[in-house]
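Please have a look at the sequence and the structure before I go on.

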Amino acid sequence: MKLICIICITMFFSFFVFAEIPLGYYDSCNGLVENALRLELKNIISTNTNTSYTASKGMMYSEIDNDNGIVTGVYSGFEVNHNFGNTSTPANIDCEHSYCQSWIDEELSGSENSIAKADIHHLFPAKSSVNIARSNNPLDFVDEISYTYTEDGGNTVSYLGTNAELEAVFEPADDHKGDVARALLYFVVRYETNLSF
C-alpha cells in the first residue's frame with residue numbers, strides 16, 4: 001500500500017510537469033472536489049468502448065510500445081526486434097495488465113469486463129517469464145527479495161518477494177513506477193474499482 005501512495009504522488013507531479021493537456025479538456029472539473037471531482041473525471045475519461053483485446057495488443061506492439069522496431073519489456077528491459085507496424089505478438093513477450101485480469105474478473109462483469117481487459121491505458125509489454133512471475137501479486141516495495149528480474153545490465157530491475165508485512169508482492173522497475181501509477185489511477189477512476197488486492 002505504501003508503494004501505491006508513493007506512486008500516486010509521483011504520478012500527480014509528473015502529470016503536471018510533462019503532460020500537455022488539450023485546451024479545455026478538464027474545464028468541467030473547475031471548482032469540484034472529492035466525490036464530485038472523481039465522478040466528473042470518470043465522465044471525461046470513460047469514452048473508451050473497445051472490447052478487442054487482440055486489437056489493443058496489436059496497437060501496443062506495432063506502434064505505442066514499438067520504438068524504432070524494438071519492443072521492450074517494462075519490468076526487465078528485455079528487448080525484441082519487431083518491425084514497426086507489425087501487429088503480431090513478439091517472441092517471448094506478453095501483454096501485462098497493470099490491473100490484473102483476475103482482479104478485473106472479481107470486480108467487473110459483462111461489457112465493462114471486456115472493455116477493461118482491452119483498455120490500452122493499463123497494458124504494457126513484458127517478458128513472458130516475468131509477466132508470469134508477477135502473476136496477480138500486488139505491487140509494493142519488496143523488503144525480502146525472492147527473485148530479481150533484469151535483462152539490460154541492471155538498468156531495469158524488478159523484484160518478486162515479500163513486503164514489510166511479509167505479503168507476497170511484486171516491485172516494478174523504478175523507471176516504470178510512474179507509468180504504472182498513472183495506469184492504476186486511471187483504471188480505478190475509470191472503472192470505479194479498488195486497489196485492496
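N131 lies in helix α6, where helices (H or I, at least four residues) and strands (E, at least two) are DSSP runs numbered from the N terminus. This is a predicted model, in which local features need pLDDT of at least 70 and side-chain atom pairs count only at pLDDT 80 or more, while totals for chains, interfaces and linings use all residues. Residues are numbered from 1 along each chain as its sequence is written, and side-chain values use heavy atoms, with hydrogens and water left out.

With a relative accessible area of 13%, N131 is buried, a word I use for under 20% relative accessible area, with exposed meaning over 50% and partly exposed in between (1.4 Å probe, protein chains only). Leaving aside neighbours within four places in sequence, N131 is in contact with D94, C95, E96 and A126, contact being heavy atoms within 4.5 Å.

A salt bridge here is a side-chain nitrogen of Lys or Arg within 4 Å of a carboxyl oxygen of Asp or Glu, and a search of the whole structure finds eight. In one of them E96 pairs with R134, the closest N and O atoms being 2.6 Å apart; this links distant parts of the chain, with E96 in strand β3 (residues 93-97) and R134 in helix α6, 38 residues apart. E96 is buried at 3% relative accessibility, and R134 is buried too, at 0%.

Which residue forms a salt bridge with D174? The partner is K177, with the closest N and O atoms 2.8 Å apart, and both residues lie in helix α7, three residues apart, about one turn of the helix. Here D174 counts as exposed at 63% relative accessibility, whereas K177 counts as buried at 11%.

Turning to the packing, a nonpolar core is a set of buried Ala, Val, Leu, Ile, Met, Phe, Trp, Tyr and Cys residues joined through side-chain atoms within 4.5 Å. The largest such core has 28 residues, of which Y99, F170, F187 and Y191 touch the most other members, and α7 gives the most to this core, with seven residues. Apart from it lies another core, of eight residues, among them M60, V71, C95 and L123.
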